[in-house]
Structure formats: C-alpha cells, structure tokens
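Morning, everyone. Please have the sequence and the model open.

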Amino acid sequence: MVIDASRLLIVEDDPNDVELIRLALSSYPFANQMDVAEDGEQALLYLLGQGDIPPGHPLPRMVLLDLKLPRVSGLQVLEVIRRHPRTHNLVVVVMTSSAENRDIEACYNLGANSYIVKPLDFEQFQNVFQQVGVYWMQLNQPPRT
C-alpha cells in the first residue's frame with residue numbers, strides 16, 4: 001500500500017461543504033491534492049482501486065468522511081475501510097452535522113480516528129478543518145507499511 005502524504009480524500013455529497021473544506025485548506029502545503037467522492041460507493045471504488053481507478057493508485061493520507069451519504073452510508077464506508085487490508089490503517093476523520101451519541105459511538109466502534117461535528121459558522125468551520133488538517137496531515141505519524 002502506497003500512501004501519498006499530500007493527498008486527501010473528501011467524501012461529501014454537499015458541494016458547499018466541499019468548497020468550504022477546500023477554502024479552509026487551500027493555503028496549507030500539506031494538502032496538495034484534494035480528491036472528492038460524492039457518495040459512499042464512489043469512495044469505496046476510489047479507496048479499493050476499482051472501477052475507473054487504476055489498481056495500486058496511491059491512497060490518501062487522510063479521509064474526511066461524512067456520515068449521511070447517498071448509495072452507501074458513511075458508517076458502511078468506514079466498516080469496509082477497517083476490514084479491507086489495503087485501507088485498514090488509513091486515517092479516517094468523520095465530519096458530520098450529527099451530534100447524536102449513537103452516531104459517535106458507532107463511528108468509534110468501527111475504528112474512526114476522530115469525530116467532528118461540522119460548525120455552522122464559516123470562521124469556526126475554517127478553523128476546525130485547518131486544525132484537523134495540520135494534525136492529521138502534518139503532525140500525526142501513521143504506521144509505515
């Protein structure tokens with residue numbers, strides 16, 4: 001498994017949130033490549049190297065995963081990521097509007113690295129995603145496989 005240290009996968013069906021994340025991280029050199037999957041099925045095809053994705057393509061350093069996705073839910077995506085040998089060590093940060101304890105518990109039980117409730121205020125949203133990016137993309141040391 002090859003990880004591209006400057007690649008980020010955003011799994012989000014709301015184009016406004018995708019644009020806000022891009023804006024929040026655009027001035028940081030650690031996220032040179034931001035790929036987007038608009039639903040859970042696209043995310044799995046991308047991560048597992050299936051469909052139009054060439055086999056053996058580099059994995060992202062981090063996956064920002066929304067829970068409420070069309071086709072395949074964020075929880076199902078997380079479950080597949082943790083079960084599959086190619087992706088089981090990926091950093092997965094759940095970012096969602098749900099502050100429901102059952103969603104938080106389910107994500108951590110499935111192996112999420114972090115769970116963040118999306119702030120509604122733009123400045124807070126930007127600040128949160130900059131901090132997440134700095135920590136998981138620059139400071140955190142993933143296992144070398």
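A definition to start: two strands count as paired if DSSP finds at least two bridges between them. With that in hand, look at strand E1 and strand E2, residues 33-37. They pair in the parallel sense, over 5 bridges. Find Leu 8: Met 34 in E2 stands opposite. Keep in mind that this is a predicted model.

Now the other partner. E1 and E3 also run parallel, joined by 6 bridges. Here Ile 10 has Leu 64 of E3 as its bridge partner.

On to the cores. As a general point, nonpolar side chains in soluble globular proteins tend to be buried together. The largest nonpolar core here has 24 residues. Leu 9, Val 11, Leu 47, Val 63, Leu 65, Val 77 and Cys 107 have the most contacts inside it. Which elements supply at least two residues each? They are strand E1 (3-11), helix H2 (40-48), strand E3 (59-65), helix H3 (74-83) and strand E4 (91-96). H2 gives the most, with 5 residues.

Zoom in on Cys 107. Beyond its neighbours within four places in sequence, Cys 107 contacts Leu 67, Leu 75, Leu 78, Val 94, Ala 112 and Tyr 115. There is also a second, separate core of 18 residues. Leu 25, Val 91, Phe 125 and Met 137 are among them.

Key: Residues are numbered from 1 along each chain as its sequence is written. This is a predicted model: local features need pLDDT of at least 70, side-chain atom pairs count only at pLDDT 80 or more; totals for chains, interfaces and linings use all residues. Side-chain values use heavy atoms; hydrogens and water are left out. A nonpolar core is a set of buried Ala, Val, Leu, Ile, Met, Phe, Trp, Tyr and Cys residues joined through side-chain atoms within 4.5 Å. Buried means under 20% relative accessible area, exposed over 50%, partly exposed in between (1.4 Å probe, protein chains only). Helices (H or I, at least four residues) and strands (E, at least two) are DSSP runs, numbered from the N terminus. Contact means heavy atoms within 4.5 Å.
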